[in-house]
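Biologist: I have a chain open on my screen and would like to go through it with you. Could you bring up the sequence and the structure, please?

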Amino acid sequence: MRLSQGYWQTLKETPSDADVISQQLMMRAGLMYKTGAGLYTIQPMAFRSLKKIEKIIREELDRINCFEIQMPVMTPAELWQESGRWDAMGGQMLKMKDRAERELCMSPTNEETVTDLFRRTVSSYKQLPVCLYQINTKFRDEIRPRFGLMRAREFCMKDGYSFHIDKASLDKFYDEIYVAYENIFKRLGLDFIAVEADGGAMAGGGAKTHEFQVVADNGEDYVVTVPRTKFAANIEKAMTVRKNLPLAPATELTKFATPGQKTCDEVCAAHGMPITQSLKSLVMHTLNNGKEQFFMVMLLGDDSLNEVKFQNKVSAEHVRPAQQAELDRLGLVKGFMGPTTEAQGFKVIFDEAIDMNSSYVVGANEADHHIKGFVPSRDTKPKNFRADMRMAKEGDFIGDDQIVLKKGIEVGHIFQLGDKYTKSMKVTVLNETGKAVTPIMGCYGIGVTRVLASAIEQNNDKDGIVWPASIAPYDVYLCYIGKTPEIKEVAESLFKELRAAGLEVLFDDRQLGPGMMFKDADLIGLPVRVVIGEKDFNASGEIEVKLRRSGETMKFQKADVVNNVKKKLEEMGKWL
């Protein structure tokens, strides 16, 4: 593309509402335009990168015999009502009615749609296994869209769904899709970690699930790693332990005044106690099949509740903190709650980090008072139970190894769905004996627009973007310094030679000063910059080639430029 004829505008200032580096650089570099809250128009250069991401995804999925389809963005309510998710998806699902008063939604995901397609087109085990996928628009009405394309309301996603006659077939394909995802993210030039994950509500109890996390300082997720063993899991899944905590011996229960001291930090600071010798009481409301239940979760004073672990342990469809009216009904005083109350209506869960025979400080269920000397195994009625409820954190251990937390951006997720959708939507196929059986499913997603933002989050410097070679909008930024017809003719000639060699070239023929051109070149961050300087070329016939990532600068005769540029791009992974 010739910049003098192209559509490209950069911004001098970073937009005030751009929160993270990818959002800032994409807007400054003219890659996207904010249309509304969580809604973005993808500009031509970013669009080229998106198409390259999609191409890599398609190539790797084609290798394992996946089939691309395109499902509608708008889907009818009846499908979601069959699966039970029409109400369960909550506010993230944007619902509406058409002119015939039929209820529809903007698809946040497509399990129901693809399951309906499958049941109408597949009837025999002989047609299995099969994996169908699409690369299409999704819409989720995020309460607080933020971070540009990383948490947008409308986004592009690759979602794939496989169907199998049995678990052995699903396991075999799961291993194939895992390798395909590794190949995809390697070819995209991303530094990523495949981590054990929790499928949450989507997995419906499926056995295997992994997330693919791009390592980045602005990531929303935490990944638990053990460098020695190469173990990695997301923070919701990881089961870690605390070691060498100071324990207090059992003593008698004693109530003491704690005026206005509602948190473990406040109580322990005021009374000179270690924070790990206090217990935090969290009351959670759960809903399952329309039945509500309350749990008091006990944690060490400086620990946090892992809601995913809690939800899985109690097998609830929905969980939330109890509201004030509910605490009043249970006879609990917020800020001073504890498990010693005689009130009924809730079960007590102790986190496994708590020593059941040691002494702790807990709330007294009386305003401005706590109790010390509380021993869980002795003082809890009715009988309690224990489970891993806490969020992993720095300083924890897995076995003998101390964990390392890394921040990441989830760009891919694969998991086994089991029969969650095929059973609820009454899907059957005939097996080898002619018996109707329920097939099982797997689900495989990649956030395509999120991949684009994640690549920039991970690849940038003080001057702008540093594109991975495989997904850069163009391979080469070509410009010339000088105003004579001769130097312009050399640039035009080289432009044609680079393109004839199969390279994508952004030709800056705007005849600006070198300072402005180089600033734009660094901002857009193409892998290679080629500069034809009038003085150097007239003196020695040499042309400058500079690599954006390393900053390495080389000079070649004009006849050698194309081959050397291609060689450098190959080294950078352009044709992986």
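Biologist: Which residue just after α1 takes a positive phi?

Modeller: That residue is Gly30, with a phi of about 70°. Please keep in mind that this is a predicted model.

Biologist: And α1 itself, how many of its residues are buried?

Modeller: Helix α1 spans residues 21–28 and is mostly covered, with 6 of its 8 residues buried. They are Ser22, Gln23, Leu25, Met26, Met27 and Arg28.

Biologist: What follows with β1 and β2, and how do they run?

Modeller: Strand β1 (residues 32–36) and strand β2 (residues 39–42) run antiparallel and are joined by 4 bridges. Gly36 has Leu39 in β2 as its bridge partner. The hairpin has 2 residues between the strands, and Gly38 there takes a positive phi near 70°.

Biologist: Let us step back. How many helices and strands are in the chain?

Modeller: The chain has 17 helices and 33 strands. Its C-alpha atoms fill a box of roughly 95 × 70 × 50 Å along the principal axes.

Biologist: What share of the residues is buried?

Modeller: Of the 576 residues in the chain, 52% are buried. As for contacts with a separation of 6 or more, 70% are between residues 24 or more positions apart.

Biologist: Now a sheet. What is the strand order in the open sheet of 5 strands?

Modeller: The order is β16-β14-β15-β17-β20, with mixed pairing. At the edges are β16 (318–321) and β20 (385–387), each of which pairs on one side only. From one strand to the next, the twist averages 35°.

Biologist: How many bridges join β14 to β15?

Modeller: There are 10 bridges between strand β14 (residues 279–288) and strand β15 (residues 291–300), and the two run antiparallel.

Biologist: Changing topic to Ser107: where is it found?

Modeller: Ser107 is in the loop between β6 (103–106) and α5 (111–121).

Biologist: Is Ser107 buried or exposed, and why?

Modeller: Ser107 counts as buried because its relative accessible area is 0%, and the cut-off for buried is under 20%.

Biologist: What does its side chain reach?

Modeller: The side chain of Ser107 reaches the backbone oxygen of Val73 at 2.8 Å. Leaving out residues up to four places away in sequence, Ser107 touches Pro72, Val73, Met74, Thr75, Lys138 and Phe139.

Biologist: Which side chain makes a polar contact with the side chain of Asn459?

Modeller: That is the side chain of Arg549, at 3.0 Å.

Biologist: What else does Asn459 touch?

Modeller: Not counting residues up to four places away in sequence, Asn459 touches Gly189, Ile465, Val466 and Pro468, as well as Arg549.

Biologist: On to aromatics. How many aromatic pairs does the structure hold?

Modeller: It holds 12 aromatic pairs. Among them, Phe185 and Phe192 form a tilted pair, 5.7 Å centre to centre with 50° between the planes. Both of these residues, Phe185 and Phe192, are buried.

Biologist: And why does the pair of Phe495 and Phe507 count as tilted?

Modeller: Their planes are at 35°, so the pair is tilted, and the ring centres are 4.9 Å apart. Phe495 and Phe507 are both buried.

Biologist: Which residues form one aromatic cluster?

Modeller: The cluster consists of Tyr178, Tyr181, Phe185, Phe192 and Phe212.

Biologist: Last item: over the face of which ring does Lys95 lie?

Modeller: Lys95 lies over the face of Trp86, at 4.4 Å from the ring centre. Lys243 lies over the face of Phe397, at 4.8 Å from the ring centre.

Notes. Residues numbered from 1 in each chain as written. Predicted model: local features only at pLDDT ≥ 70, side-chain atom pairs only at ≥ 80, totals over all residues. Heavy atoms only, no water. Polar contact = N/O pair within 3.5 Å; in protein donor to acceptor, adjacent residues only side chain to side chain. Contact = heavy atoms within 4.5 Å. Phe/Tyr/Trp six-rings, centres within 6.5 Å; stacked < 30°, edge-to-face > 60°. Buried < 20%, exposed > 50% of the residue type's maximum accessible area, 1.4 Å probe, protein only. Lys NZ or Arg CZ within 6 Å of the ring centre and 35° of its normal. Pairing = 2+ DSSP bridges. Axes fitted to C-alpha atoms, helices over the stretch in contact; angles between N-to-C directions.
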